[in-house]
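Me: I have a model on screen and want to learn how to read its features. Can we start with strand pairing and go on to salt bridges and enclosed space?

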Amino acid sequence: MTDTARTARAGIPERPTLDGLEESWARRWQEEDTYAFDRSKERADVYAIDTPPPTVSGELHMGHVFSYTHTDTVARFQRMRGKAVFYPMGWDDNGLPTERRVQNVYGVRCDPSLPYDPDWVPPAAPVDDAARKNPVSVSRRNFIELCELLTVADEEAFEALWRRLGLSVDWSLTYTTIGWMARATSQRAFLRNLARGEAYQAEAPTLWDVGFATAVAQAELEDRERPGAYHRLRFHGPGGREVLIDTTRPELLPACVALVCHPDDERYADLVGATVRTPVFGVGVPVRAHPLADPAKGTGIAMVCTFGDLTDVAWWRDLQLDTRVVIGRDGRLLPEPPAGVPAEPYAALAGQTVNGARRTLVELLADAGDLVGEPRPITHPVKFYEKGDRPLEIVSTRQWYLRNGGREPELRAELLARGEELHWVPEHMKHRYEHWVSGLTGDWLVSRQRFFGVPVPLWYRLDNAGEPDRSHPLTPDESMLPVDPSSEAPPGFEESQRGVPGGFVGDPDVLDTWATSSLTPQIVGGWETDEDLFRRVFPMDLRPQAHEIIRTWLFATVVRSHLEHGVLPWRDAVLSGWILDPDRKKMAKSKGNVVTPMGLLEQHGSDAVRYWAASGKPGMDLAFDPAQIKVGRRLATKLLNASRFALGLGAADALRAPATEPLDTAMLAELSGVVASATAAFDGYDHTAALMATEAFFWRFCDDYIELVKERAYGSGPGADSARAALATALSVQLRLFAPVLPFVTEEVWSWWRYGSVHRAPWPTTYEVGRAIQAPGDPALLRLAGDALSQVRRAKSERKLSMKAEVPLAEALGPAAVLDQLTLVADDLRAAGRIGKLDLLPNRTPELVIACAF
C-alpha cells in the first residue's frame, strides 16, 4: 500500500458533488487492491463469508441489491475491525435456468444423439417467437458452448452492477458453479459420498418435470392453485356392490392398483381384503386399509394409481402394491398398456397428452355408464417444479440419491442438532429449518437428466449383451477430476469401447445444481487444492441468504459439510426478507412487478440506494420506496457539504487535539454513546439499528452543534482550538460509522484530509472518542443547547424573519438547575442565535422556555 495515489490527500474541492463518485472510486479500489484478502492472516484474524452466487439467467433486481448490500455492510465493518475479510463473489451459471435462457435467446434445443459440429454458427440473438417455437436441434457439446457463451456475457453485466453498487468483494476470488474448480470439487465430494455409502442409485417413483424432461427433488417443489374437477367413478365390487370413487385424475384409471380406505371406516370394513373391478378396463384390484386415507374426503375411499401423487407413492410403498405405469417421460400416455390392462380400451388413450387422455377416458366412462353425475369443478393445489410451467408427473426412473436424514432417524437427529448449533439471525428462522428437516419423506435426489451441469463422474461396464452393470460403477481417481464421462473413457478403457458389448458407457446425467452450490465453502475455500487457504477460511463465519431457500441451499450445505467434515460450514446464518411492491406484494419476475436497479443507481447514486436497502433489517420484508432512496441521497449530500464546511473551519489540522469547552465535550460524549450503540448493532448483524443511531446523531451534529459552534470555530484562542478539535474527531468518527452503508461519499470526504482509505481505517472506539475529551462531557448539555437554539429559530420563523436576524433580547426561563447548565453554553447560544442580551430567569417555568423580544 505504498502507491502514491493511495497515500496522497486530495484536498477540499471547491464544489463537491456526488456525481461520478462510483466510477472513480470503484476504479481506485480495484487498482489499489483495497479489498484484497490478506492470506497471511491466521484463522482467528480472518472473517470469511460464504457469498450467495446469484443465478446467471437474466437480470439482477432490487431484491439482490437489498440482500447483497446487507452482506457488504458486514464485510466492511469486519474489515475496519481489523479482520482480513474473505469475501468472494460467485456466479451460479449451471442448471435449468441457464438452459432455458439459451433456448429462448438462440432458439435451439439439445439433442445428445447428434454429433458435435465444430463449424456450427448460432443464429443472431435474440431470435423471434417463431424460431423459439421451432427450435434448431444441436449436439450436447454445441449446446454447452452456447450456455458458456451466454453466461460469460451475463456475468460481465452482473459484475458491472455489483461494482457500481460498491460491493467490497475481492474479485480475484470469483468463481462459477460450472467452472473447473466447481466441477472438480462437486465430483470429488460425490465420489467420497459414494465410497462412504452416502450416495446410492435406485429405481423409484420420481417427481418428473415434463417440460424440462428431468427429475426434480422434494426441495424444489411448490404448490400452485389450478382449476380441476372431481369425477365420480363406479367400481364394481363383489356381489354386484358398487363402490364410488372421487378423483381429479380419471386418466390414471389404467394405472390403478388398489382402493384404500381408513382402517376405522365402518362403511368399507367388509370390503378390506376383497377385490373390485375397475370401470372401462375391468381389472381386478384389491381393497386395502391405510391410516393416510381420509374418511371425510370424497366418498372416503380412494383410488391408488402408480403414480398420481406423493400419497400414491406412500400407499404403494407401504402396502407393497403392484406397479402399472402409464405416463411416460414426455408427459404422454405410453403406447402400450401396462401388464394386466386390456389393450382394446387402452388403445384410445395411447400417445395422448394427459389432458387429452382425461377427456377421452371421461367419454369412455360415460358411455359405459360408470361416470356418476357431472364433473364438479374445483380449485386445488397442484405440484410444480419451482422453475417449471407444467404440473409434475411421477414416473419410475433410476436416479442418484444422497442420504439427508429423510429415511434415517439417526442422521435426521444429527442434522437437527446442527441447526441448534448454528447462530440464526433472526432467531425464529431456525424453526423453518427444523420444520423442513423433520418433515423430510425421502433422501435428496441429486441426478438430473439435463446437459449444462456437473457430470455424474461414473462409467458402467457393459456385459456381453451390452447391458450396463450399475451395481459396480467405474470411478475415476481424484487426480483426474473434473471428468466428463460422455467424452472421456474410464481408466483401463479406450474410447473405441464406448457403447459396445464388453466395453463401457458413461453415466448420462448431471448433478443437481444444488449438489454443486451446496459446496460453495469448499469450492472457493480451496478444499483439497489449497489446504493453506482452506485452513484459514473454513469453517466460515457467515452464510447470508434468502429465507425461502433454507430448505435447499442452507440445508444442503449443512448436509455436505456434516458428511464430509463433521462440522457446520459456518458459524452464523443471516436471512434476508423479500422486497415488496407498493401494494405489499412480493416482487417477482412472474408477477411483472420487479424493478431493475441500474437506472436507480445512475439516477440517485449508489449510496442513496444502499441507504434504502440498509433500512431493512435481516429477516424482515421491505417495501420498495423511491422516497426512501431520495432521503438517502439527501443524507449523502449533507455529509458531503457538512464535511466541507467543518474542514473549511480548520478541523483537519486539529485532529487529535483535545476538546475542552463544555459544548464540545458534550457533543463528543454523546458521540461516544453512538459509537457503542452502532458497534453493538453491527456485532449483532443489525445494520439498520447502527445506521439509525449514526444518522440521528449526524443530523443533530449538523443542525445543532455546527450551528452553535461555528462562530467560535472561526475565531482564535483556546475556545476556537477546542471547537476545531471536536469537529475533527466527530467528522473522523462519523465518516467511519457511515462507511459500511455509504462507501462512496465517505471515501470521497476521507480523501480530502486523511491518508489511505476510510475502508481500511480502524473502526472507531469509545476509547478513541474519550481520549479527545479533556474534561467529562454531558450529552444532555448538547440536547439542552439544541432545544434552546430551536426555540430561537422558531420565534424568528413565526415572525417570518431571516435566521440571521438579530434578537435584541432573549429571556431563558426554567428550573434553576437547567439554567445553570445553560450558562455553560450561553456564549455559543448567543452567537448562534444572534442574541444581543440573554437573561436567565430561574424557576419561572417547569421546563426551558426561550422568549425572544424583537
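Me: Which residue of β16 stands opposite P205?

Reply: Strands of a sheet pair through backbone hydrogen bonds, either parallel or antiparallel. Here P205 faces S396 in β16. The strand β7 (residues 199–209) and β16 run antiparallel, joined by 10 bridges. Two strands count as paired if DSSP finds at least two bridges between them. Strands (E, at least two residues) and helices (H or I, at least four) are DSSP runs, numbered from the N terminus. This is a predicted model, where local features need pLDDT of at least 70, side-chain atom pairs count only at pLDDT 80 or more, and totals for chains, interfaces and linings use all residues. Residues are numbered from 1 along each chain as its sequence is written, and side-chain values use heavy atoms, with hydrogens and water left out.

Me: What is the strand order in the open sheet of 4 strands?

Reply: The order is β8-β7-β16-β18, with antiparallel pairing. β8 (214–215) and β18 are the edge strands. Each has a single partner strand, so one side of each is left without a neighbour in the sheet.

Me: Now salt bridges. How many does a search of the whole structure find?

Reply: The test is a distance: a side-chain nitrogen of Lys or Arg within 4 Å of a carboxyl oxygen of Asp or Glu. The search finds 58 salt bridges. One of them joins R81 and D683, at 3.1 Å from N to O. R81 lies in the loop between α3 (62–80) and β2 (84–86), and D683 in helix α20 (residues 662–683), so the pair ties together parts 602 residues apart in sequence.

Me: What separates E159 and R163 in helix α6?

Reply: They are 4 residues apart in α6 (residues 140–165), which means about one helical turn. E159 is partly exposed, with 25% relative accessibility. R163 is partly exposed as well, at 22%.

Me: Where do E251 and R358 lie?

Reply: E251 and R358 form a salt bridge, with closest N and O atoms 2.9 Å apart. E251 sits in the loop between β10 and β11 (256–261), and R358 in helix α10, so the pair ties together parts 107 residues apart in sequence. E251 is buried, at 0% relative accessibility. R358 is partly exposed, at 23%.

Me: Which residues are linked in a network of salt bridges?

Reply: The network links R188, R192, R196, E198, E478, E528 and E564.

Me: On to space. How many cavities of 30 Å³ or more are there?

Reply: On a 1 Å grid over the protein atoms alone, a cavity is a set of points where a 1.4 Å probe fits but cannot get out. A pocket is an open set with protein on both sides within 12 Å along at least five of seven lines. Lining residues have an atom within 4 Å of a point. Points are joined across faces, edges and corners, and a volume is the space filled by probe spheres set on them. The structure holds 6 such cavities.

Me: Which residues lie nearest the centre of the largest cavity?

Reply: A219, N404, W436, W444 and R551, from a lining of 18 residues. Helix α16 supplies the largest share, 4 residues. For classes, Ala, Val, Leu, Ile, Met, Phe, Trp, Tyr, Cys and Pro count as nonpolar, Asp, Glu, Lys and Arg as charged, and the others, Gly among them, as polar. This lining has 9 nonpolar, 4 polar and 5 charged residues.

Me: What volume does the second largest pocket have?

Reply: About 1,500 Å³. It is lined by 49 residues, with T248, R249, G308, D309 and H380 nearest its centre. β9 gives the most to that lining, 7 residues. By class, the lining divides into 24 nonpolar, 13 polar and 12 charged.

Terms used:
Buried < 20%, exposed > 50% of the residue type's maximum accessible area, 1.4 Å probe, protein only.
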